[in-house]
Structures are given as structure tokens and as C-alpha cells.
Amino acid sequence: KDNGSRMFFKDAKLLNRPMRLTARQVPNAQLLQVINVHSIVKGKLHEVYYWCDICTIKRHEAGICDCCGAAMEFREELCKGE
């Protein structure tokens with residue numbers, strides 16, 4: 001449960017759906033570090049993140065904004081070039 005994978009533990013809507021993870025194996029450990037997460041919607045890659053409209057802050061896990069305390073909104077946007 002690191003920063004890259006925490007979103008899957010905090011938001012059930014990301015489970016049981018097609019995703020593409022970019023990751024690296026941590027040297028000398030049996031750990032996989034998630035670097036980037038994309039959902040696949042109708043065969044196209046989408047960036048998934050959480051957004052605060054008030055502070056214009058992007059995060060990669062559900063929760064409240066670190067700045068103002070408002071709820072972060074889930075967003076899923078088509079990746080450029082798709």
C-alpha cells in the first residue's frame with residue numbers, strides 16, 4: 001500500500017475493471033512499486049485521479065483535500081493522443 005497503489009484500497013469503483021499499471025520491481029525485495037495508473041474505457045487509456053476544484057490540486061487517492069479539507073472529486077480523462 002504505497003502512494004501509487006493506495007487508490008485501489010480506498011476506492012472500490014476502481015476494482016474489477018480494466019486498468020493498465022506502469023510499475024517497477026523494487027530491487028532486493030518482492031515488491032512492485034506502482035508508478036502510473038490508467039483505466040481502459042472502450043479500448044482507450046484514461047488518466048484517473050482525484051481533484052479539488054477549490055484549490056486546483058490533483059491527488060492519486062480518494063479522500064479530502066490537504067489544503068482546504070473539501071472532498072476530492074474522482075476524475076477520469078481520456079489521455080492525450082488516444
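Visitor: Why is Cys52 called buried?

Guide: Its relative accessible area is 1%, and buried means under 20%, with exposed over 50% and partly exposed in between (1.4 Å probe, protein chains only). So Cys52 counts as buried. Bear in mind that this is a predicted model, where local features need pLDDT of at least 70, side-chain atom pairs count only at pLDDT 80 or more, and totals for chains, interfaces and linings use all residues. Residues are numbered from 1 along each chain as its sequence is written, and side-chain values use heavy atoms, leaving out hydrogens and water.

Visitor: What about Cys55, buried or exposed?

Guide: Buried, because Cys55 has 19% relative accessibility.

Visitor: What makes a set of residues a nonpolar core here?

Guide: They must be buried Ala, Val, Leu, Ile, Met, Phe, Trp, Tyr or Cys, joined through side-chain atoms within 4.5 Å. The largest such core has 13 residues, and Met7, Val37, Tyr50 and Cys65 have the most contacts inside it. Strand β3 gives the largest share, three residues; strands (E, at least two residues) and helices (H or I, at least four) are DSSP runs, numbered from the N terminus.

Visitor: Why are β1 and β2 called paired?

Guide: Pairing takes at least two DSSP bridges between strands. Seven bridges join antiparallel β1 (residues 19-25) and β2 (residues 32-41), so they qualify. Leu21, for one, has Val37 in β2 as its bridge partner.
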